[in-house]
Structure formats: C-alpha cells, structure tokens
Amino acid sequence: MAEPLPCQRHLFDLPREIAYFNAAYMTPLLRASLEAGRAGLARKARPWTIRPADFFSEPERARELAAQLVGVDAEGVAIVPAASYGIAVAAANLRVGPGRRVLVLADQFPSNLYPWRRLVAEQGGEVVAVEAGPDGALGPALLAALDERVAVVALPHCRWTDGRIVDLEAVGERCRAVGAALVLDLTQSAGALPLDLAAVAPDFVVTATYKWLLGPYGLGFLWVAPRHRSGRPLEEGWITRAGAEDFARLVDYTDAYAPGARRFDVGERSSFALLPAAIAALEQLLAWGVPRIAATLARTNRALAARLAGLGLEALAEELRGPHFLGLRLPEGAPADLVERLAEAGVFVSRRGGHLRITPHLYTDPEDCDRLVAALARALAR
C-alpha cells in the first residue's frame, strides 16, 4: 500500500468555513491551475503575443501528461471537450447490428448510455443493463452477461451513484475472449484510482478533467487503441491535418491527418485558458502520485464510514467500492432536503438516487470530517 499524503488544503482556495466533500460532482481548481488559466485567458487580450507554434505546444504537453497519468501512449490521446464527445467518437467507430448487444451498468451515467441507445436504434441490437449481484458485487453479474452476443461493453471503473467498483481487468479479458469492444469512461476514477490499462486493453478510454483530474470544465481526454486510430473523426478541422503547423500553406488542402489519435481532437482544441489550467493540475497529480492519492482518500473514507455508521448511514464494504468514494445508503425517513440542510451548515455533498455521495480529496482535514459528522447528526435528527 502506498504511503498516504499530508493534507494539501493550502494548495486550494478553500475558505475555512467550507467543508467540501463533493469531488465526484466537481473539484475546486488548484491555486496553480487558477493562475495558469487566468494568465492564458489574458493572452487573448493581446493576441499578437500568441504565436502559431502555441496552437500546438500546449496540446502536446497536455497529451503527454494525461498519457503518463493513466499509463498509455501519448500518440493515442485526443483532446476532447467532454466525456460525451469521446463516447460519441467510440460509437461512431464501432458496430452493433441485429442480435448483438451493448452491455452497460444499471444506473450508469447517461453520457455513457444515450450514444449506445442511438447506435442500436440505427444499426439494430439492444442495450442490456447489468445489476449488481445479491452480494452487491458487479463483477460476477457482468461476466455472466458478457457472452458472444455482446458487441460493445461500455463501463466506468467506479459507478457514479455509489462508488461501486468494476474489475476491469477481468472484464477486459472476457471481452477479448468473446470479441467485444471495451469502452471506458474514467471520469469518476482517473486521477484518484490506480488502474493498469495495459492489462485491461480497452478500445477507447475517455475522462473529463473537472472531477478527479482537478481540471477545468469543458475539457477532457480520449485515448484510442492503435487498431482504431485510422477511424473516422466527428469533425474535419484544419488543425488535425498533416502540415497544419504551416499557417501559410493551409490552403494546400490535404486528406492526410496528423499522426496518432490527433484526428479525433475537437476543433479549437488549443484553448489558451483551459489547457494551461489542466496542465498545472496534471503536473501536480503526477507529483503526488495516484497510488498515494488513493491511499490518502481510502484512509479518510474508512474513518468516515466507521463514524457515520453510528448515524444509520451504511457504506458499501471496502472491497465493493473505490477507495476514493463513499456511497451511503440513506435510512428510511431521511429528509428530502438533506443536501440543502448540510449546505446551510457549509458542508457540501451530493445525493444520487438513494445514496448520499461523500467524496473528499487531499484538501480534506480532520476539522472538515468533524463538521460533516456533526452536521449530518443534526440534519438527520430534525
């Protein structure tokens, strides 16, 4: 087990009266990211300072850092505006057909469901949602449903409602055995939960940056396996073409794309505010190390789960959930406005379905945890 990190609250602009347990909703920006984003936005006020080379240098730096963080090759990374964009790229380059299936989780995030509904409506087939088994585990139920009828498996690593985890290595092995494509949305895990993607061998992997990657809203990364890198992009922009660095020759039109997965980049990918903010965040995450982040959050959540059990809030067993995530089953009669009551006390969490979602980060300290427990005790007693 990696060594936990000390509290990093000083790197964030968090007022002392705020206890923020809502990383799965949106993390606060690091101070360094905020400054980098401000400086990048200020460049647009003086556009003569932006050189043609700047359209390419920061995207390449972001590609390299994102690849390093999740353990893939930078040539396979595309810059996208959202997880939904990356899923749409995957859906545009995969096939289903009559009698075939797309396998998802029950209660999966909608952005990794709606594109597959459209795909089967257009090509035939069906979307099948898998429920957890009687013991609460997702793995056995997924593997039982993953047979030769399945064309695509579209999953998270960690379910957004309750933190329930998926054994992606086992799923990847079964996908290869039956010939199914594997599409992963790691928005609720990348940056906080270690994963050996080489062992999983997915076809497409996407993550937005505004949650556990500590980055800005409106940016994400898509990794495309080598076998799909000659596929069809959603857009036909100028910057994804071979030779685009030479602005004077952009009218020398070409059908050739830039190498790797760059053809899948979104238009205007060279955001002079968003990319610097994301780069600063990725550099900090790499300095901390994802295993140490996970160990720190596991320690915080383990202690919180024990304390909150006394209030009738039951957490999933550790082996069933991501270490960074607490999805607490709400007791009967829990107030409908529980989240709002907590917010009035300066404590911020989410409610997703029948679960209270508590997701700390490295800025969380013992005072925050005390405030959360006390505020929940008051709110549930009212």
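A: First, the ground rules. This is a predicted model, in which local features need pLDDT of at least 70 and side-chain atom pairs count only at pLDDT 80 or more, while totals for chains, interfaces and linings use all residues. Residues are numbered from 1 along each chain as its sequence is written, and side-chain values use heavy atoms, with hydrogens and water left out.

Start at the second largest pocket. Its space comes to about 240 Å³. Sixteen residues line this pocket, and Thr300, Thr364, Asp365, Pro366 and Cys369 are the closest to its centre. A pocket is found on a 1 Å grid over the protein atoms alone: it is an open set of points where a 1.4 Å probe fits, with protein on both sides within 12 Å along at least five of seven lines. Lining residues have an atom within 4 Å of a point. Grid points are joined across faces, edges and corners, and the volume is the space filled by probe spheres set on them.

Two elements give two or more residues to this lining: helix H9 (290-309) and helix H11 (366-381). H9 gives the most, with six residues. Helices are DSSP runs of H or I with at least four residues, strands are runs of E with at least two, and both are numbered from the N terminus. By type, the lining holds eight nonpolar, four polar and four charged residues. Here Ala, Val, Leu, Ile, Met, Phe, Trp, Tyr, Cys and Pro count as nonpolar, Asp, Glu, Lys and Arg as charged, and the others, Gly among them, as polar.

Is it buried or exposed? Cys369 is buried, because its relative accessible area is 12%. Buried means under 20%, exposed means over 50%, and partly exposed is in between, with a 1.4 Å probe and protein chains only.

What about a disulfide? A disulfide is a covalent bond between the sulfur atoms of two cysteines. The cut-off here is two cysteine sulfur atoms within 2.5 Å. The whole structure has zero disulfides. Cys369 is in none, and its nearest cysteine sulfur, that of Cys7, is 9.5 Å away. Cys158 has Cys369 as its closest cysteine, but their sulfurs are 19 Å apart, so the gap is too far for a bond. Cys158 is also buried, at 2% relative accessibility.

Stay with H11 and turn to charges. Glu367 forms a salt bridge with Arg16, at 3.4 Å from N to O. Glu367 lies in H11 and Arg16 in the segment before strand S1 (19-20), so this pair ties together parts 351 residues apart in sequence. Glu367 is partly exposed at 40%, and Arg16 is partly exposed at 34%. A salt bridge is a side-chain nitrogen of Lys or Arg within 4 Å of a carboxyl oxygen of Asp or Glu.

How many salt bridges does the whole structure have? The search finds 25. One of them joins Arg43 and Asp54, at 3.1 Å from N to O. Arg43 is in helix H1 (residues 31-43) and Asp54 in helix H2 (residues 54-70), so the pair ties together parts eleven residues apart. Asp54 is buried, at 8%.

Asp73 and Arg229 form another, with the closest N and O atoms 2.9 Å apart. This pair links distant parts of the chain, 156 residues apart: Asp73 is in the loop between H2 and strand S2 (77-80), and Arg229 is in the loop between S8 and H8. Asp73 is partly exposed at 32%, whereas Arg229 is buried at 12%. Salt bridges also link Glu60, Arg63, Glu75, Arg262, Asp265 and Arg269 in a network.

For comparison, look at the largest pocket. Its volume is about 420 Å³. Of its 29 lining residues, Ala83, Phe109, Thr187, Tyr210 and Lys211 are the closest to the centre. Helix H3 (83-92) and strand S5 (150-156) are the elements that give two or more residues to this lining. The lining divides into 16 nonpolar, seven polar and six charged residues.
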